[in-house]
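User: I would like to learn how to read a few features of a protein model, starting with its aromatic rings. Please give the general idea before each case.

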Amino acid sequence: EDNMAAIDDLFGSIPAQVLSQFGQNITYIKTTTPRTYNPTSGAITGSDTNVTVKGIISVLNSNESEGVYQGTDARVLIGASELGNYYPTQADRVQYTQAGATVEGKITSVRTYRGDEPIYHELIVRVQ
């Protein structure tokens, strides 16, 4: 058995357990691509697909990563299993409750941690 499979065996189920216990519900919004634009009517077609996932959210300090983060940026960790074989993209968005209000953020960066299979995704989100 190769090392990647061993990593999957060891860590594969941990994010799901941790996220289900400590995470909050997040609406992951998959943006349908490609969007089509009708220049005559101005209409954009292509619908979003919402998936409820468990995630852990932490606010980023603008001092992290050489000051590239803004005060509204957040780090969102979500399990890969809930998205199936779908990989997050910067076209997608997330919604979650913060201090009693629903906030929506655009994904500005995606990092996927994996063995042979994705284990969890770290999203940097800019709240709109």
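Analyst: The structure holds 2 aromatic pairs. Rings of Phe, Tyr and Trp (its six-membered ring) pair if their centres lie within 6.5 Å; planes under 30 degrees apart are stacked, over 60 edge-to-face, and the rest tilted. Tyr 28 and Tyr 86 form an edge-to-face pair, with 6.2 Å centre to centre and 75° between the planes. This is a predicted model: local features need pLDDT of at least 70 and side-chain atom pairs count only at pLDDT 80 or more, while totals for chains, interfaces and linings use all residues. Residues are numbered from 1 along each chain as its sequence is written, and side-chain values use heavy atoms, with hydrogens and water left out.

User: Why does the pair of Tyr 28 and Tyr 86 tie together parts that are apart in sequence?

Analyst: Tyr 28 lies in strand β1 and Tyr 86 in the loop between β5 and β6, so the pair joins parts that are 58 residues apart in sequence. Helices (H or I, at least four residues) and strands (E, at least two) are DSSP runs, numbered from the N terminus. The charged end of Lys 30 also sits over the ring of Tyr 86, 4.4 Å from its centre. The criterion there is NZ of Lys or CZ of Arg within 6 Å of the ring centre and within 35 degrees of the ring normal.

User: Is Tyr 28 buried or exposed?

Analyst: Buried means under 20% relative accessible area, exposed over 50%, and partly exposed in between (1.4 Å probe, protein chains only). Tyr 28 counts as buried because its relative accessibility is 0%, whereas Tyr 86 is partly exposed at 21%.

User: What is the geometry of the pair formed by Tyr 113 and Tyr 120?

Analyst: A pair of aromatic rings is described by the distance of the centres and the angle of the planes. Tyr 113 and Tyr 120 are stacked, 4.7 Å centre to centre with 15° between the planes. Tyr 113 is partly exposed at 28%, and Tyr 120 is partly exposed at 25%.

User: Which strands pair with β1?

Analyst: Two strands pair if DSSP finds at least two bridges between them. β1 and β4 are antiparallel over 7 bridges, and Thr 27 has Thr 52 as its bridge partner in β4. β1 and β6 also run antiparallel, joined by 3 bridges; there the partner of Tyr 28 is Val 94.

User: Where is Val 51 found, and which residues is it in contact with?

Analyst: Contact means heavy atoms within 4.5 Å. Val 51 is in strand β4 and is buried, with a relative accessible area of 16%. Beyond its neighbours within four places in sequence, Val 51 is in contact with Ile 26, Thr 27, Tyr 28, Lys 30, Glu 82 and Leu 83. Val 51 and Thr 27 are 24 residues apart in sequence, but 5.6 Å apart in space, C-alpha to C-alpha.

User: Which residues have the most contacts inside the largest nonpolar core?

Analyst: In soluble globular proteins, nonpolar side chains tend to be buried together. A nonpolar core is a set of buried Ala, Val, Leu, Ile, Met, Phe, Trp, Tyr and Cys residues joined through side-chain atoms within 4.5 Å. The largest core here has 15 residues, and those with the most contacts inside it are Ile 26, Tyr 28, Val 53, Ile 78, Val 94, Tyr 96 and Leu 123. Elements giving two or more residues to this core include β1, β4 and β6.
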